[in-house]
Amino acid sequence: MQTDVVIVGAGPAGLCLANALSGAGLSIVLVEQQSVDALREPAFDGREIAMTQKSVAFLKTLGVWERIDAHAKSQLADARVFNGSSTFALKIGHALSGHAELGWLVSNHLIRRAAFDALEPLRAAGADIRIMASERVIDVDTDACGARVRLESGATIAAQLVVAADSRFSATRRMMGIAADMHDFGKSMLVCCMTHDKPHDHAAWEWFGHGQTLALLPMNPDPESGAHRSSVVVTLEARDIDRLSQLDADAFDREIERRFERRLGAMSLRTTRHVYPLVSVYPKRFVAKRFATVGDAAVGMHPVTAHGFNFGLAGIEMLSRSIRDARAAGFDIAGDALLARYEQTHRQDTRPLYLITRFITEVYTHDSLPARIARDAMLRIGETLTPFKRAVAMSLAGR
Ligand SMILES: Cc1cc2nc3c(=O)[nH]c(=O)nc-3n(C[C@H](O)[C@H](O)[C@H](O)COP(=O)(O)OP(=O)(O)OC[C@H]3O[C@@H](n4cnc5c(N)ncnc54)[C@H](O)[C@@H]3O)c2cc1C
């Protein structure tokens with residue numbers, strides 16, 4: 001089989017890249033190990049994704065945003081950062097970003113579903129996008145003349161360009177011999193959706209407690225009961241997370257109320273619980289000969305600064321624009337200069353926050369007394385520095 005572009009992985013990044021490349025006269029093959037049913041109806045995975053205004057604008061141009069039900073999109077009005085048992089918070093208000101809200105929150109499985117659905121009308125209108133589901137890529141090789149992708153079924157696809165969108169542990173990236181820095185934080189994150197008595201005022205919380213990190217992501221009210229609802233995120237050592245994930249629902253509710261010091265009143269589990277080990281990944285290179293990485297395969301962020309998918313979309317927007325321009329001008333869509341520009345720009349855009357995020361997670365989760373005092377001082381000083389707060393608000397809004 002022959003095509004212009006092979007995208008490995010039909011997660012949100014792979015699907016959005018196929019969409020962004022459509023309409024430029026390119027043939028695209030998306031290879032995904034999951035079944036087509038799983039792509040059409042992705043299962044809830046607990047992740048509530050905070051999206052910047054910039055990402056939302058891009059999803060609108062792809063026709064993805066309007067495919068997500070209005071009630072499933074929750075406004076992120078403000079962000080609050082707490083330390084220890086103090087009720088003092090560093091507050092980042094939306095007004096500092098110049099928008100009516102900092103960004104939006106949407107469940108990951110709904111983004112996946114909308115991104116998949118958005119391909120249907122493009123294909124109906126003649127876009128040459130083929131989805132090979134239930135297929136796994138087992139080998140890739142590239143040279144100056146072209147690329148070849150081998151599938152587990154025995155099929156081979158020849159292409160001009162291969163793009164890896166196959167997660168932060170990208171096997172395709174490894175097949176291309178690209179090394180990556182991986183940082184294991186030695187902790188896991190439990191995510192689930194809960195209702196609670198007290199309102200969240202559409203503010204996201206990041207709470208660096210003693211021996212735990214908590215986050216609260218505001219969602220629209222529970223569609224059945226109308227109760228206040230949030231995505232709850234608990235970060236602990238792996239064995240504590242395992243114990244928490246196995247508690248029965250009542251015991252879990254009581255423990256989460258206690259961990260949140262009943263600041264939200266009574267809380268009740270509404271969904272399945274999902275656990276993610278915390279490992280961030282930054283490859284040595286984003287590109288190779290006729291090969292590029294996007295999404296988590298390019299930058300696998302720690303979720304605390306809520307930028308993984310936002311970075312993924314920024315990279316996809318940039319790479320797809322360069323490929324489309326090259327095709328329109330009759331140039332090679334996988335030229336060395338094109339890929340080098342993508343590498344350089346995406347690295348500049350992502351590396352600083354990747355390193356800052358590692359610094360924050362290390363300093364802000366250290367439990368010694370001096371670290372707690374320093375954290376408290378940093379939050380109190382930060383609260384008085386409007387330019388600092390504006391910079392954080394701009395970053396959350398994606399500007
Ligand atoms: C708890 C949590 C909270 C998060 N919160 C935020 C947030 O608030 N804001 C934000 O911007 N980001 C957030 N993120 C990050 C965000 O979820 C990811 O950036 C995004 O989902 C990555 O999408 P992807 O398509 O790159 O990778 P994935 O979703 O991992 O998809 C990869 C796909 O590739 C397929 N695949 C893998 N190997 C092969 C193979 N060999 N052959 C064929 N197919 C293959 C897989 O089956 C999968 O479908 C969060 C992440 C977590 C874990």
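The buried residues of helix α4 pack against α1, α2 (36–40), β3, β7 (103–107) and α5 (119–124). This is a predicted model: local features need pLDDT of at least 70, side-chain atom pairs count only at pLDDT 80 or more, and totals for chains, interfaces and linings use all residues. Residues are numbered from 1 along each chain as its sequence is written.

Helix α4 spans residues 108–117, and its buried residues are Ile111, Arg112, Arg113, Ala114, Ala115 and Phe116. Buried means that 20 or more other C-beta atoms, placed from the backbone, lie within 10 Å of a residue's own.

Next comes the ligand. Its shell holds 34 residues, with Gly9, Gly11, Ala13, Gly295 and Gly308 the closest. A residue belongs here if its C-beta atom, placed from the backbone, lies within 6 Å of the molecule. Two or more residues each come from α1 (12–21), β3 (48–52), β13 (180–196) and α9. Helix α9 gives the most, with 4 residues.

Helix α9 (residues 308–328) also packs with α10 (residues 336–363), at an angle of about 160 degrees and with axes 10 Å apart. The two are therefore roughly antiparallel, a term for angles over 145 degrees. Phe311, Met318 and Leu319 are among the α9 residues that meet α10, whose partners include Leu338, Tyr342 and His346. Contact here means C-beta atoms, placed from the backbone, within 7 Å.

The table gives both sets by residue class.

How values were computed:
Axes are lines fitted to C-alpha atoms, for helices over the stretch in contact, and angles run from 0 to 180 degrees between N-to-C directions. Angles under 35 degrees count as roughly parallel, over 145 as roughly antiparallel, 65 to 115 as roughly perpendicular and the rest as oblique. Two residues are in contact if their C-beta atoms, placed from the backbone, lie within 7 Å. A residue is buried if 20 or more other C-beta atoms lie within 10 Å of its own, exposed if 12 or fewer, and partly exposed in between; C-beta atoms are placed from the backbone.
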